[in-house]
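Please look over the sequence and the model shown here before reading on.

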Amino acid sequence: MAKVTMTVNGRQVSGHCDDRTLLVQFIRENLGLTGTHVGCDTTQCGACVIHMDGKSVKSCSILAAQAAGSTITTIEGLAADGELHPVQAAFKANHGLQCGFCTPGMVMTAVDMIRRHQGQLDEATVRAELEGNICRCTGYHNIVKAILAAAAEMSGARVAAE
Amino acid sequence: MGVEGIGARVARKEDKRFLTGKGRYTDDMSVPGMKYAVFVRSPHAHAKIVKVDASAARGMPGVIGVLDGKQLLADGIGNLICGWMIHSKDGSPMKMGAWRPLAHETVRYVGDAVAIVVADSVAEARDAAEAVVVEYRELPVVIDATRALEAGQPQLHPEAPNNLIFDWQIGDEAATDTAIAAAAHVTEVTIHNNRLSPNPMEPRAALGIYDAGDDHYTCYTTSQNPHVARLVMSAFYNVAPENKLRVIAPDVGGGFGSKIYIYPEEIVCLWASKRTGVPVKWTSDRTEAFLTDAHGRDHVSKVKMAFDANNRIIGLKVDTVANLGAYMSLFSSAVPTYLYATLLSGQYAIPAIHANVRTVYTNTAPVDAYRGAGRPEATYLLERTMETAARELGVSPAELRRVNFIRSFPHQTPVIMNYDAGDYEASLEAAMKAADWNGFAARKAEAERRGMKRGIGMSCYIEACGIAPSAAVGSLGAGVGLWESAEVRVNAVGTIEVLTGSHSHGQGHETTFAQLVADRFGVPLDSVNIVHGDTDKVQMGMGTYGSRSGAVGMSAVVKALDKVEAKAKKIAAHLMEADESDIVIENGELKVAGTDKAVPWFQMALAAYTAHNLPAGMEPGLKEGAFYDPANFTFPAGCYICEVEVDPDTGRTKIVQFVAADDFGNIINPMIVEGQVHGGLAQGIGQALLEGVHYDASGQLLTASYMDYAMPRADDLPSFQVSTSNTPCPNNPLGIKGCGEAGAIGSPPALINAITDAIGNNALTMPATPQKVWAAAHAAK
Amino acid sequence: MYETHYHRASSVQDAVSRMEAAGEGKYVSGGMTLIPTMKQRLASPSDLIDLRHIAEMQGITVNGRSVRIGAATTHYDVASSAALKAVCPAICHLASHIGDPHVRHMGTIGGSIANNDPAADYPAAMLGLAATIVTNRREVAADDFFAGLFETALEDSEIITAVRFDAPAKAAYQKFANPASRYAMTGVFVAKGDDGAVRVAVTGAGANGVFRQAEMEAALAANWSPDALATISVDASDLLSDIHADAAYRANLVKVMAKRAVAAA
């Protein structure tokens, strides 16, 4: 058992866990943040995607100990004060989710994608960027639509702010 | 249509919790004292269990208990069952071998559960599971269903000689043979339908909680039909009587059929909770899911389609071998029979049809319903055969279909089904127009100049949904009725709860069911809550599969709403001293038609509960229930067109457009219906292009993770062009047909027809992997 | 995953000391291969020594045509380095197609090379670029580094600290991905040096891991064009066969990907 400390959704947290504990287990079980999911064993499905130090990562393939000292954002930390983040709102408006299981990973992926591309996305790019996230319900059609809509809105908002 | 009523594109009520990480799935549940289970599973496809030695495991850190199949048997836990009786053509009942939740004598596929380990953590349970020493004596293995029927092959169950479960037929064989003998042309093909793993993104899970104080069990589980789970676990598996067993299916992350069945794990977790005295949670990992979730399809069929000189189909003869795996899963016998061969008439007027189906045990995972369940097999067979026939006869695929379309309704097919309504020409026209079918030649020529082979293919599907009239399915062998229940509770302040036996695991019932209420009473959608998935809340229900929640589940809600409306009008009429026949409900008010007299909805509800001033003899309160038993199946149908480009150097197929034109009857929420079609298309395209379960000859599963099982990803798929042209279903109050499975049913043949058109070689099996397409393209030269 | 002991190394020397003190230790960098392997209980190191925070192993330096990439540099950082893109866009392109965006944020070039997965992308680049693998003890030519499936010239406790190469005049990488895993079912890296020397390195196809295709190199040295490969017949006898692709199909892919890489370079 080691003590692991990190900042999660703006709050410093500590917990005791085995060195073999995965970051996703630490988030789900030690912190009770069950929005981050596990859908495969092979680092492929993306249900566990979170942000670590500002970048999207797969929390099923990182030890909690590796993440010690880092700053983590999970799906629970994305929306401020009960409002939906623009990406979350776009997923709702465009029916970009069905069963909801892949959704937290998809949303965290989309936020990272829009950040890296500064909102400049087209359909082919979005589809390529979703290589690490599997959805079985939507056929991706409305996820792609939602991400494009969110990117357009967020870059529009940025332009307006500048 | 109001902004929140029937037909409105309402954003989903349930989305916020899923989008903010507040969904509650089975693995998210945690109760005091909860421990974790790992199953010890067979590494062999076929073996006798000589000995299970758990002594070392029991002493390992964190271990609470290790339990095996002999203990399970000693406690009287029963065999898993198949709930649909099929009789062979000689009149004998199907030959069902025993399926123990924990094997104690024989294991019959890799992944067969042998023991359960309960420990403080998953990791410790897994450490201990590795220390359970199971001594096996290996037996010979058979994987392929056709081979399993041959003499001298390994035998799985003593009850089923030659591994034959049943040899069943439907239709008129003599009439069909006569038609084939008299035909101007007979198209003969062999059709392979590949084996698939359903792969909902949420793996299965179960949390069994035994309360010794009340001798009561609670089971959280990933189920599409928690009431059926309770019924089966009580009546057949002897876990607990129904009144001592609560089954809760909370948020469930997709099902696609695979979560209909009652699997060994939930039974064993409940039993282990009593045995160990702690709540026991098991969550499947993805490899376990590949090994043990019921697979789908796996048919081989020989087909003869006979045509007269005018290209009209005069007979269809089908001989199918269906692989059911090592054990008969819950609905496994119904899928390759009544859900398959009854749809072999497709959209066509075929005077004579005969199908023979043999189902077979093999040393593979059990096979059961997967999105479409039998209907994709029928559609793929028919639409590949139609395409082949069109090529042989030298007529266009559209023309061959048009010549054979059923054009008047009702239409009785030779294979039980009575189609009630449809307009197949309308869907075909809509699809061809959307796909610019007539412009294809120019696009093909342009692709040719880029060195790409372009092809186009269509598929005209029909399916039977709205499962199902109880008496009809009862006469065909079903062990249960397939009605649905609903209860509408109007609270004293006018808010409404709808309890339904349907179960939502992605379909959006919390929104669409509420739309029915908003539409009926003009109350805000936010004032309506949908309650489902808990046997303590909803009395009984049959669950969600077979695209039945709209046609059957919503029809039950409509019946209950009718009763609520009638009583509400009586109360309002009494309050306003009017005649109840003059009361209309609009915008949340009960009004006397033609006057300005009105009672707000909430005031009427309050009156029902204060009961100070009700009509003489009326009971207080406002709560009504209904059971709805459908009068017939429903028959969604449509036409799908796929256009592809094949890279002849690599065999890679790119889908350049995919058009779906469906007839779903009336639609409650078009946005959700489109989403269902998108998802179905992706699964059908996955089957045709990417997915396939592979076992090696020794029965080891080679596709046990996403490293080897190719799931459709975003860059494998195009954006889809979907539309509907609807003929309302005459047999249910909402005119709904159902939309959940269509995409998965109609798409595989459209895609394979397109690829074979592109490469000029009709010999191609699913999945059309780059290697197969490359080889077929080169063989065509 | 079996029990293990995690150590965060502060320097290369610290990492080596910890490894030498461990029973059956393993270095971990991004962990994108090792952690999943451990999850499946296919690896059980007693100790994990984390190299991700060692400053001296980070970063990309471009000096004229001379390139040095620290071993702990992520695929994302390689893919998005403007300096690198200016002299050797092929390696940026290759890095941008490893795994997925999330894997690229964690996975590192040193980890990929040290693991030498037969379907990994970087080994083909190292061979194709005639790179030098720099360790805490020595420098090894890529030609001498890759030694078969998951085998390299690395000795016990030796750490890759960086890779060095001179940017070629022309280079490109073309990958045909496995439809399931998205690893290279066949990937071909072609490069033409300033001196006209040509290298063709193939990953994902060889039964013994990454290899150079000598016949193609000779043909392209004589005539740098896709057509120069037209008459070459790739020998399938040393190629992988699996449920996704047999050796004959892979032999075809080697040729097709090589031609496309030359065209793209």
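Which are the buried residues of H7(B)? In this predicted model, they are Pro226(B), His227(B), Val228(B), Ala229(B), Arg230(B), Val232(B), Met233(B) and Ser234(B). Helix H7 of chain B spans residues 226–235 and is mostly covered, with eight of its 10 residues buried. The partners against which these buried residues pack belong to chain B as well, namely strand S10 (216–221), strand S11 (245–248) and helix H8 (264–276).

**Confidence**

For the model as a whole, ipTM is 0.97 and pTM is 0.97. In chain C the average pLDDT is 97, and 100% of the residues score at least 70.

**The interface of chain A and chain B**

Between them, chain A and chain B bury about 4,200 Å², of which 56% lies on carbon and sulfur atoms. To this contact chain A brings 43 residues and chain B brings 54 residues. Four salt bridges are counted between the two chains; one of the pairs that form a salt bridge is Arg28(A) with Asp27(B), whose closest N and O atoms are 2.9 Å apart. Polar contacts across this interface join 29 residue pairs in which both residues have pLDDT 80 or more.

On the side of chain A that touches chain B, at least two residues each come from helix H2 (86–93), helix H3 (103–116), helix H4 (123–129) and helix H5 (141–161) of chain A. H2(A) gives the most to that side, with four residues. By residue type, the side of chain A that touches chain B divides into 18 nonpolar, 16 polar and nine charged residues.

**Arg182(C)**

Arg182(C) sits in the loop that runs between strand S9 (170–177) and strand S10 (184–192) of chain C. Is Arg182(C) buried or exposed? Its relative accessibility is 11%, and Arg182(C) therefore counts as buried, the cut-off being under 20%.

The side chain of Arg182(C) makes polar contacts with side chains of chain A and chain B, as set out below.

| Side chain | Partner side chain | Distance |
|---|---|---|
| Arg182(C) | Glu131(A) | 3.3 Å |
| Arg182(C) | Asp716(B) | 3.2 Å |

When neighbours within four places in sequence are left aside, the residues in contact with Arg182(C) are Glu131(A) from chain A, Arg713(B), Asp715(B) and Asp716(B) from chain B, and Lys175(C) and Ala177(C) from chain C.

Definitions and conventions: Residues numbered from 1 in each chain as written. Chains lettered and ligands numbered in written order. Heavy atoms only, no water. Contact = heavy atoms within 4.5 Å. Buried area = accessible area lost by both parts, 1.4 Å probe. Salt bridge = Lys/Arg side-chain N within 4 Å of Asp/Glu carboxyl O. Polar contact = N/O pair within 3.5 Å; in protein donor to acceptor, adjacent residues only side chain to side chain. Nonpolar A, V, L, I, M, F, W, Y, C, P; charged D, E, K, R; others polar. Buried < 20%, exposed > 50% of the residue type's maximum accessible area, 1.4 Å probe, protein only. pLDDT = per-residue confidence, 0-100.
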